[in-house]
Number of protein chains: 2
Amino acid sequence: MDLTALRTAHPDHWSKATAIRALTLDAVAAANSGHSGMPMGMADVATVLFEKHLKFDASAPNWPDRDRFILSAGHGSMLLYSLLHLTGYSDMTLEQIKNFRQWGSITAGHPEYGHAAGIETTTGPLGQGIANSVGFAMAEESLRAHYGKKIVDHYTYVIAGDGCLMEGVSQEAITLAGRHRLGKLIVFWDNNNITIDGPVTLADTTDQPQRFKSAGWAVIEVDGHDPDAIDAAITKAKKQNKPTMIACKTHIALGHAAQDTSKGHGALTNSDQNAAAKAAYGWTTGPFDVPNEVKSAWEAIGSRGAAARAEWEERFASVSGRKQAEFNRVMAREVPKKLSATVKAFKKQMTESAPKLATRAASEKALEVLNPVLSETIGGSADLTGSNNTKTSDLGVFDVDNRSGRYVYFGIREHGMAAAMNGMVLHGGIRAYGGTFMCFTDYARPAMRLAALMKIPTTFVMTHDSIGLGEDGPTHQPVEHLAISRATPNTNVFRPADAVETAEAWELAFSSTETPSVLSLTRQGLPTVRAEHKLKNLTAQGAYVLAEAEGKRQVILIATGSEVSVALEARDMLQESGIGCRVVSMPCMELFAAQDEAYRRKVLPAGAVRIGIEAAVRQGWDQWLLGERGNAKKADFVGMDDFGASAPANVLFEKYGITAANVVEKAKALL
Amino acid sequence: MDLTALRTAHPDHWSKATAIRALTLDAVAAANSGHSGMPMGMADVATVLFEKHLKFDASAPNWPDRDRFILSAGHGSMLLYSLLHLTGYSDMTLEQIKNFRQWGSITAGHPEYGHAAGIETTTGPLGQGIANSVGFAMAEESLRAHYGKKIVDHYTYVIAGDGCLMEGVSQEAITLAGRHRLGKLIVFWDNNNITIDGPVTLADTTDQPQRFKSAGWAVIEVDGHDPDAIDAAITKAKKQNKPTMIACKTHIALGHAAQDTSKGHGALTNSDQNAAAKAAYGWTTGPFDVPNEVKSAWEAIGSRGAAARAEWEERFASVSGRKQAEFNRVMAREVPKKLSATVKAFKKQMTESAPKLATRAASEKALEVLNPVLSETIGGSADLTGSNNTKTSDLGVFDVDNRSGRYVYFGIREHGMAAAMNGMVLHGGIRAYGGTFMCFTDYARPAMRLAALMKIPTTFVMTHDSIGLGEDGPTHQPVEHLAISRATPNTNVFRPADAVETAEAWELAFSSTETPSVLSLTRQGLPTVRAEHKLKNLTAQGAYVLAEAEGKRQVILIATGSEVSVALEARDMLQESGIGCRVVSMPCMELFAAQDEAYRRKVLPAGAVRIGIEAAVRQGWDQWLLGERGNAKKADFVGMDDFGASAPANVLFEKYGITAANVVEKAKALL
């Protein structure tokens, strides 16, 4: 590249873009690790975007109607950190830049949501950012429809690399965005033709523009180092009534000895080469030293949006107090006052009518009363609406001509759905829940993990949660998926036993501010086990005594979900044999673990033999069976130790021994 | 649809295709569950394929050079079962068809590999079959290059539905296939415009032909009920030097009241409607009754390939005995005699030289000596070749002009890679291994589970297996992924402690016939802990005493991988304080659990306090700490209970307390 030509053609632009490149080189060199090439290649695009288009105010980073900027290619984190620092985000100090990738800094290797203002989502696992962005854009459309254009009217911009576009989830994302003609979503593809292993063509020869067009996108191709062309492309993209992909031909590690090579993708730490690159840029100051005039120019960009923000605040003040309060409430992830009373009334009704109901159907019933009091919910399913029971009568369907609809047909895109839901929650103002079969947790996993890592309350509705699924067979029967979600930090896994516990689980999921929820729900009908109405949300304690032993307590049966009624049946049989038996319902292990020791000991006292019952693998159970004053000689487990099979559900429970008779036999063997 | 016109235009074809439709209606009605519409819609395409093109011999279903037929849309299992029954596969009896979806039958809800001949892979989780097929086609190319066209020369055919094509993994699959110009891969898209939730357009408006073209595929569009057009399309597709997608416009549940509706996707069990459909077909026999002349016509198709097979056998007999033996060996998943000696020599060398080496680097060293003795290996990485250390010097790169290359640049496609590896193994003749960062187990999970369910020995190389990854931060640091793979039935998770255990793990992975392996390998350097050379593969026992206590055994430290050297260091400190301490290395929990009780008791005797050490969550450890004669009061765990952070690895181990000092402190607290 002829850097001199670039520099002389747009000197002001050049110095600003170079500040990003120089900070990147310095921070990566100081950390002795990181990814230099991407920020250096995309500095021009990012500079034009921030200078000319992005609606933001560095002094008010949480302004709800800001444009969202998502760095899907998260390894290029120094691009984002440089932009935030240069434009004057107060927490992104030079000290933080100098502590790139160090313990306790907010400048992690990949951008971590919650670490610093301006980081809209955690990226790094490739494809997640672009998939989140579809949720951001949907949230914007939905909130705009609900609150009006005066309050919500912004764009979502994304930078994605070849890695993002090769990941399958990007296909789910772009086809979903294309289907919904999300015109305010604009993706820049960093078309540098380099991946870690070498040129992109080693592994991929996809015609990306054609691919995006096939998904219903507008496509614009530009030289990613020509600021005028980039500016024109963004201007054009903003006018589209469909999402736009701007293919930016760039040079990775522009101007460095490693330019256009896979070496340039990684950490450029050779001081001579870095010095030579800076010299070629015409950058003469020392490490981390941005000349005052350049810093000022960037800070002017950072405050460019202040007037627009003030106007927005005026507009916001002009809408009704009720609307303001609702908007502030949903943006703060606060629940409406009515929620608690609604749940209590529903629970009472369920206890009184004691229906035999699959928990997925109970979930639908609960959502029928909850969705009307929660204007912020958006529900959906990955093409299993009638099976996941996620659609309620008042939601309406989100569509091109009905942006106020609150139900999304996500299609057969479990991963894209989960990532889009995360995007909605991250945008703010939305509580997203979506369903698939629990077995397909596997497909949604990367996004489910990120919800936990980001501390956001996305809700994953996982129905058909065991061999109770029946004839579809082992490909559709989860056995390890409860363990998988429970192994994940900061994830509440609810496996309710009946309609009452299901409603309690929903109350907790919808009240959560920092923890995602997994609802594990049955296909098959279950009796109501909560015989007595309690105002208190017992599921919030994670586990509780559902049925007390009569006489001397010799056995404690601990069960979840569909196996709670098996435990109750076994208890009846044991009591008839004169063996005192307590049944503990344990709808959420994580919440039980969070109780104080006194409560845990009350629920699980020492002495009695313990049997865990769950139609899944034992992993995760030993803490309750052997730990917490339990004992290996006096504990057993009734569950699965292999994949299931294709047969009617009742046959499977019998064949795999998940029956009251087997529980009784095991209890007697232990005594 | 005008069924009469179809029927009169091609009466012979019609009766054969109708046999599929009638068996489907009968089997689904008998099971009272299943998916009727897809087999009814694709019966014409399948009939033409089997009658005119598919190279197979029902009497020799495992003929190695048969064409492969993969039903990616696995819910339409009755299509496959009907074809296998009608063409005369001996195990697919009418009795089995009548027992569709019942306990003990081979006719599961979705096709299960291993249940019946002719089921080439397990499908049902959408997108897997098409992603497997890329591996099948790669295996064919690779084996053809190695053994010659006389022995290997066949096509891979796939039927995929809208569900398969909406799943992101299909994009990874088709772009990988397009990149490698897999001309012998032919995919039929069942373009019926229906999903479970309704018309496809509810959720998707992708221009599929354009999408496939963007991935480098040939595309042919046909009426999926016109046998001549289908025949011509297949003929044309077979001549392409790139993969072909044949878009078949079909009517789901053709001729039934539910035709062209989402109801038609599911179980059509209304007897009046089913009778009406059969009447419209001109099908007059009773349930499960295929007229003799139709059955004979199908059986003629089933034996059509017998002559070609005989010719193949002659050709096979004409090649050198050495080549025959090698071919038979690799198809039987047998290891060469040299493997064991090679591993032993390597172990000896490692013990003697005692290098400090990351296990990912040790893995590369092991592969350097193993790949040359295993002609059947194909290795790869999802764009992390230099990090996963999966490429060895002798492999060569698989490419369009070098089909004998045995290393695949899979690109940033963890899921597609895992599914393609499964396809290679399923094809036969190949042992596939491929790498990514362990955290991205999440992306590959759906295919990893299927490897376990199918009982095939795919090997997943997961490097950067803990916070030891360092600066890249929590998005890249696995903490729950060991638990996730261990929770999965039939999966061996190896976490070797040094180069010796790494070689032992590879020997076990490469010798496995029915169990996939996960190799969990470090980024960071580790000392050699196996001080004494043993001929025996100690990893095969899952756990073993690495260092015995001196004096009275008061403490047992159990550790895996990078934490084994931490345990040894802690042992030295404890012994110095006069506390006798045994160190158990536990590279594979599953293999240890499979040992007899006597051995397990020998390794983990009662009495001493136990501490588990692993830089990951505790879930899965309690069976060894509290069970197996352990005791909650005398056990502890040193590991992770939250996500990691971005910082240098040594800082992280210190901050999270995964240190010898902390182990010693915990041990003393327990004593």
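**View 1. Strand 11 of chain A, a buried strand in this predicted model.** Seven of the seven residues of strand 11 (residues 431-437) are buried, so the strand is largely enclosed by the rest of the structure. Buried here means under 20% relative accessible area, with exposed over 50% and partly exposed in between (1.4 Å probe, protein chains only). Strands (E, at least two residues) and helices (H or I, at least four) are DSSP runs, numbered from the N terminus.

**View 2. The neighbours of strand 11 in chain A.** Strand 9 (residues 377-381) pairs with strand 11 in the parallel sense over five bridges, and Gly379(A) stands opposite Tyr433(A). Pairing takes at least two DSSP bridges between two strands. Strand 12 (residues 459-463) also pairs with strand 11 in the parallel sense, over five bridges; there, Thr436(A) stands opposite Met462(A).

**View 3. Helix 22 of chain B and what it packs against.** Of its 14 residues, 10 are buried, so helix 22 is largely enclosed by the rest of the structure. Among the buried ones are Val564(B), Leu568(B), Arg571(B) and Leu574(B). The buried residues pack against elements of chain B including strand 17 (553-559), strand 18 (580-585) and helix 27 (660-670), contact meaning heavy atoms within 4.5 Å. Just after the helix, Gly578(B) takes a positive phi of about 80°.

**Notes for every view.** Residues are numbered from 1 along each chain as its sequence is written, and chains are lettered from A and ligands numbered from 1 in the order written. Local features need pLDDT of at least 70, side-chain atom pairs count only at pLDDT 80 or more, totals for chains, interfaces and linings use all residues, and side-chain values use heavy atoms, leaving out hydrogens and water.
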